[in-house]
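Look over the sequence and the fold before you read on. The report below moves from the whole chain to single residues.

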Amino acid sequence: MTARLSLYRKAEQELYKLDRSVKAQFYDFCHVFRNTPDLPGLRKKKLKGDSRIHSARVNQSYRALLTPTGVDADGTENWLVLAVRHRKDVYEELQVAVNRVTGEIEFVDLAVVGESALRRAGITLTPTEPEPVPQPATSPAPTQETELPATAPSLLAAYDSDQLRELGVADQLIELALAVTDSAELDQLLEGAPLLSKDILYGLAAGMDLDEVRKEITAPVELGQEPDLDDFASALARTKVTTVDDAVRAAIEEGDFRAWKVFLHPTQERIVHRHYNGPARVSGGPGTGKTIVALHRVKHLTEQLPDGRNKPILLTTFTKNLTTDLRLRLASLVEPDLLARVEIAHIDQLAARVLGENTAPGRGKQRVADHVALGEMSQLLAELGEGRWEAEFMVEEWEQVILGQSVPTRSDYFKARRAGRGRALTRPERNHIWKLIEQFTARLDKLGVETWGQAAERAARYEIERAAKIQKRRDYRDEIGSKDLIHRDDSSGMRYLNYRYRHIVVDEAQDLRPAHWKMLRAMADPDEPNDLFIAGDTHQRIYDHQVSLGALGINIRGRASRLTLSYRTTREILAEALRVVEPKNSNSKVAYDDLDDGTDTLAGYRSVLHGPTPSLTAYDSWDSELAGLAATLKAWREELSTNKNGAPRDPSGRIAVCVADRDMVSQTRYYLETKADISTAELTKDGPKGEGEVHVGTMHRFKGLEYQRLAIVGASNGIIPRASIDRYRTEDPPRHEREQRKARSLLFVATTRARDALNISWHGDPSPYLVTT
């Protein structure tokens, strides 16, 4: 009789941590087991606590824990390897079951649970192979049994066992979870817990209520029908496993087993593989895997494509450097022949391509950055002696209202929505602003330049016109049938006119302009399923592009998902970051939109990772702050220069410094290079410029990046936020609120770029967004 072996996720994680020699011996064990599963030398035996779990010998010290999952028609036995560990860590009380919510196989590992929690729950672990205990020379004196000391209230005292069971917590963990008294014990309990149990219990401990947990965690992975808790064969088909065969031998022996296959969290996987009858959106805080979900969504969509050589899938984001990162990461997920069918372009590059197709040679305009337009507006207002309106306000009104809504005439501007733009404007004021903007655009036109906002709006108009032609063709076909359609198409040039893309996937969606969304909407067929997939977080909006997707023809109602578990940032860093965007002071509540006229929240946003508490340090001056920064960077460089085995390691690219503006970038780099002997590389829109070991950049440049250690310097009041916004406090309170929210988002993005350690410093008074006491 032969056997087929599969690996449970936890077993894979354990194998990755073992020595190479043990991995090679495990492969030999798998080879023997597949051919002769009942070989006496394997010493296979059932655990007393759960007879469905068998222990088998890998070598003298290590054991494989397996469970049978059924027999094929040809007599082949199917076995699932649940864990691989030292024999002293194998206990009779380990259990395997089918989860009543997901229908997947779950292995409950009590070997890592803290002793105090086990004692309170009345559980004693029995080793399957106890170590011999030396007998004392004389009998010890009898001891009195002591009572357990009084304990603090349960961390989850507000919940009962029925509620946890209904949410999907594994039965074996429920009483233990209700006995936990602090977060440290919860961490220990959940270290070896199934993913769903871990997410639920961490969510409740993080403050999510039952309805939120049910909606955000349980519902996305729910099977939809009551599973047979004894049918392991069906449960195995629903469980993410890796088949052990000759193809993985090299990966095991080379020590890169975990990288052999990329696993998605079950919640993420359901989002990736779901069929949507229209646009869909996934949101979540930094590090929750939105980009990973977007990339896997592209992979999933490519695998559904019919044969062909065209590029029917678009993957886009806001900036060039993020596009480069997406291209590299997607290449590691998607086979080359399928990757060739994906168009990867940042949103302005896409708009420029549309304009190139619709502009005669030599008639195009040079595109300039927003600060150039701001300078031209300032000069115009100065020449006219116009002191009523500021240049920044005028450019924003033009970009967000007039261009954002494609307002063609003054009468249309009188009726245009100005949500989030501050105080209301009277009709005479709008009339005056319209005249000024007409002079401003004429000025740009005379210079032969246009902003990227103008380019996006023009590109959107071209695409909307193209979509209208496609729809007109369809309406004509439906009206008269197709018998003379070819003749009509040939005469009108519409025979080969189709939507550009079948599927569009957008990352960092919160930063796109309204015109970008109109362009994208027109590029994919709105009547086809899975047309738009949108990933973003408005808490990370660092550009002032307010949009309402519904108003732009993109309806995501009923097709929105939220991720709440951070895989990048430690719990300590996360707590500091959340204080920036969600201050506890009730007078400072900050509202963030959900891209669809609603509000977004980070409720339940949490991490299972631990690390040092972020350091917050005050200095008397900018020079002393830079000196403190240099000392911190040198200490970090020393710590990162060797790995755990003592071997040398290059720390370059693992450490970064984040500042508020370009001047501070120059000052910081100069100090570190000339006075501290620390080489630096500046973060630009194209990535790091230079080979320096420490990356230095503005907060805007850190979008989408992560570093093991990060220092934020110059986090002073008047810098974050800028002192210049104070004048809006009384002049224009809505704008003051908007500027504050944008500054908070910048600092939030910066703090969440740190993976292991975060230092924040300032000179003078600290930023009001920091909690320093």
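## Confidence

Which element of the protein chain has the lowest mean pLDDT, and which the highest? Helix α10 (residues 249–254) has the lowest, at 49, and strand β14 (residues 503–506) has the highest, at 98. Here pLDDT is the predictor's confidence in each residue, from 0 to 100. This is a predicted model, so local features need pLDDT of at least 70 and side-chain atom pairs count only at pLDDT 80 or more, while totals for chains, interfaces and linings use all residues. Residues are numbered from 1 along each chain as its sequence is written, and side-chain values use heavy atoms, with hydrogens and water left out.

The protein chain averages a pLDDT of 85, and 90% of the residues score at least 70. Two stretches stay under 50. Over residues 142–150, the model has 1 contact beyond four places in sequence. Over residues 251–261, it has 26 such contacts. A contact means heavy atoms within 4.5 Å. Where pLDDT is low, the predicted coordinates should not be read in detail.

## The whole chain

The protein chain has 27 helices and 27 strands. Both are DSSP runs, numbered from the N terminus: helices are H or I with at least four residues, and strands are E with at least two. Of the contacts with a separation of 6 or more, 74% join residues 24 or more positions apart.

Buried residues make up 51% of the 773 residues. Buried means under 20% relative accessible area, exposed means over 50%, and partly exposed is in between (1.4 Å probe, protein chains only). The accessible surface comes to about 36,100 Å², and carbon and sulfur atoms hold 48% of it. These areas come from the Shrake-Rupley method with a 1.4 Å probe; for residues, only the protein chains shown count as cover.

## Cavities and a pocket

Both kinds of space are found on a 1 Å grid over the protein atoms alone. A cavity is a set of points where a 1.4 Å probe fits but cannot get out. A pocket is an open set with protein on both sides within 12 Å along at least five of seven lines. Lining residues have an atom within 4 Å of a point. Grid points are joined across faces, edges and corners, and a volume is the space filled by probe spheres set on the points.

The structure holds 4 cavities of 30 Å³ or more. The largest cavity has a volume of about 100 Å³. Its lining has 13 residues, and D199, T267, L563, T564 and L565 lie nearest the centre. Helices α8 (210–218) and α11 (266–273) and strand β16 (560–563) each give two or more residues to this lining. By class, the lining has 4 nonpolar, 5 polar and 4 charged residues. Ala, Val, Leu, Ile, Met, Phe, Trp, Tyr, Cys and Pro count as nonpolar, Asp, Glu, Lys and Arg as charged, and the others, Gly among them, as polar.

The second largest pocket holds about 2,000 Å³ of space. It is lined by 48 residues, with D370, H371, I542, Y543 and H700 nearest its centre. Helix α17 (residues 391–403) gives the most to this lining, with 5 residues. The lining divides into 19 nonpolar, 12 polar and 17 charged residues.

## Buried places

Helix α7 (residues 195–205) is mostly covered, with 9 of its 11 residues buried. Among them are L196, D199 and Y202. After α7 comes G207, with a positive phi near 110°.

Is E376 buried or exposed? E376 counts as buried because its relative accessibility is 18%. It is found in helix α16 (residues 370–384) and touches F440, R443, L444 and L447, not counting residues up to four places away in sequence.

A416 lies in the loop between α18 (410–415) and α19 (427–447). With a relative accessible area of 9%, A416 is buried. A416 and Q405 are 11 residues apart in sequence and 7.7 Å apart in space, C-alpha to C-alpha.

## Backbone details

R43 has a positive phi of about 50° although it is not a glycine. R43 is exposed because its relative accessible area is 55%. S406, in the loop between α17 and α18, also has a positive phi, near 50°. S406 is partly exposed, at 24%. The peptide bond from I720 to P721 is cis, with omega near 0°.
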